[in-house]
Amino acid sequence: MTTKLLLTFAICRLIVTVGLTVDPSELLLLGVDGQLSVDPFEVETASLDFGLLTRAEPMAVLHPGSADDIARLVRAAYISSHGFTVSARGHGHSINGQAQTSNGVVIEMSGGSRGSRLGLRKLDKPQVSVKEKHVEVWGGELWIDVLRSTLEHGLAPKSWTDYLYLSVGGTLSNGGISGQAFNHGPQISNVYELDVVTGKGEILTCSEEKNSELFHAVLGGLGQFGIITRARIALEPAPQRVRWIRVLYSNFSTFTRDQEHLISLHGNPTSRKFDYVEGFVIVDEGLINNWRSSFFSPRNPVKISSIAGNGGVLYCLEITKNYDESTAGTIDQEVEASMKGLNFIPSSVFTTDLPYIDFLDRVHKAELKLRAKGLWEVPHPWLNLFVPKSRMADLDRGVFKGILGNNKTSGPILIYPMNRSKWDQRSSAVTPDEDVFYLVALLRSALDNGEETQSLEYLTNQNHKILRFCDDAGIKVKQYLPHYTTQEEWMDHFGDKWDQFYRRKMEFDPRHLLATGQRIFNPSFTSSTGTVSPW
Ligand code: FAD
């Protein structure tokens with residue numbers, strides 16, 4: 001009863017604030033299978049994300065019980081004469097409020113703070129087709145749960161993110177990348193079919209063959225064209241174990257030459273290439289105690305100062321080879337042969353061997369450690385850039401050895417190359433023009449510990465400096481998980497793709513109701529108090 005009253009109150013607020021013409025009882029009577037909630041704790045959860053940099057409070061939160069619930073809600077927003085915004089929230093792991101909305105409803109696709117506890121999710125579990133080698137999953141499914149379900153059948157998705165507590169819909173709205181991307185492409189290149197609720201409230205099935213414009217629009221589409229409620233994802237036989245190797249370099253060009261050589265082998269038979277190629281930059285010894293470096297210690301302690309050359313900066317190449325019982329006898333030779341010709345520092349080879357699931361879920365272990373120290377729920381001013389291969393040396397000089405030089409590391413700085421040929425240019429995702437480009441990911445945490453160089457203000461200023469440096473040096477970077485505040489910046493980001501992006505938006509979400517937290521389009525509805533801005 002109290003919930004109903006609160007809900008009616010929230011909907012009345014919607015009416016007053018945005019001129020919603022849906023009768024409150026109409027929203028109450030939407031007849032959702034799930035639950036529409038105004039519980040303050042849930043509203044608070046939906047107003048925050050991993051970045052902890054922005055906050056926008058929705059009017060209500062929907063825990064959908066089905067794709068139909070989502071379609072009903074979006075349709076109500078679409079047909080109301082004034083409208084309200086709707087934002088799908090996966091696991092809320094965005095940095096800059098991309099899944100937030102004020103003056104609207106957040107849909108908790110992955111259960112949110114309360115949904116799973118209350119047993120609200122009665123959505124289908126992942127359905128594996130062993131014969132077709134694919135899995136059908138709910139759009140809010142977490143990748144860790146997709147993995148667990150497919151492993152029961154000895155299968156696994158081909159392309160990953162480093163961290164698995166992200167939703168399928170959330171990563172497919174961006175790209176979804178990790179060290180397998182050079183070989184299999186990003187996660188958006190490994191999807192066969194989607195069900196999508198468009199901004200008009202229709203549920204459409206789309207694929208390469210069917211509604212292909214919507215299919216390509218949604219992949220990498222930053223949630224702008226529809227809400228993914230189902231995805232059919234490609235699978236491969238799951239390996240049992242992983243040989244995981246890290247080697248160090250003090251020379252940047254040797255490091256990138258080796259990385260580029262390794263990703264150029266993508267067309268080779270499995271036995272003659274690595275399955276995963278990543279890397280990171282070590283700008284100080286702080287990284288040794290960092291969340292991704294437990295690898296080195298305590299069995300393999302590294303004293304960076306003893307091997308770092310030029311400017312004290314080291315580069316770590318990270319590679320893996322998958323294997324199972326049938327190939328266990330040859331794994332040592334295969335690794336040795338594949339590493340022949342690499343020019344790392346000979347004394348710096350660190351090897352470990354672990355089950356496949358433990359490798360894929362490695363960042364979660366680090367998360368648990370950081371949580372225990374109270375270092376997980378802190379602001380994350382992350383900056384992810386796609387950088388053309390030809391300008392990486394400039395970036396090294398200007399950023400790793402320049403702007404970041406002499407600072408304590410506040411988080412991992414990943415750096416690894418990808419083949420552009422593995423990205424479908426019909427999708428909405430944007431990459432640099434060159435055949436090979438790098439991800440440079442500054443995944444830093446801000447701490448309020450009195451050290452200026454670890455403060456949010458300092459790290460944010462450094463991010464601005466890095467972007468300005470790239471701009472001044474004419475390095476045509478593209479932001480991954482992009483964040484801009486003006487439409488001019490978005491037009492610049494999409495470049496040649498902007499016209500298509502805009503046309504697709506007008507077709508699939510003409511009232512600009514969806515994912516307003518991306519700050520690309522203003523909702524087209526107005527109220528007596530003027531245009532409603534989502535931010
Ligand atoms: P949310 O943050 O909830 O949503 C992101 C955007 O997608 C929002 O605009 C939202 O409206 C939209 N959206 C969410 N669900 C749907 C849906 N079903 N349909 C349509 N739109 C939807 N990324 C990588 O590529 N590789 C990595 O290795 C990687 N590692 C990460 C590690 C950590 C610890 C974190 C915090 C993030 C990482 N990311 C990585 C980034 C991550 O992929 C994105 O932030 C992603 O958007 C997060 O997924 P989410 O489910 O939390 O989405």
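The model is predicted, so to speak of local features a pLDDT of at least 70 is needed, side-chain atom pairs count only at pLDDT 80 or more, and totals for chains, interfaces and linings use all residues. Residues are numbered from 1 along each chain as its sequence is written, and side-chain values use heavy atoms, with hydrogens and water left out.

I begin with helix α5. Helices here are DSSP runs of H or I with at least four residues, strands are runs of E with at least two, and both are numbered from the N terminus. In α5, residues 143-151, the buried residues include W143, I144, V146 and L147. Buried means under 20% relative accessible area, exposed means over 50%, and partly exposed lies in between, with a 1.4 Å probe and protein chains only. Among the elements that cover these buried residues are β5 (127-129), β10 (226-237) and α12 (356-360).

T254 counts as buried because its relative accessibility is 14%. Beyond its neighbours within four places in sequence, T254 is in contact (heavy atoms within 4.5 Å) with Y249 and N343. Its C-alpha atom is separated by 7.8 Å from that of F344, which is 90 residues away along the chain.

Finally, the exposed side. Helix α16 also holds E488. With 57% relative accessibility, E488 counts as exposed.
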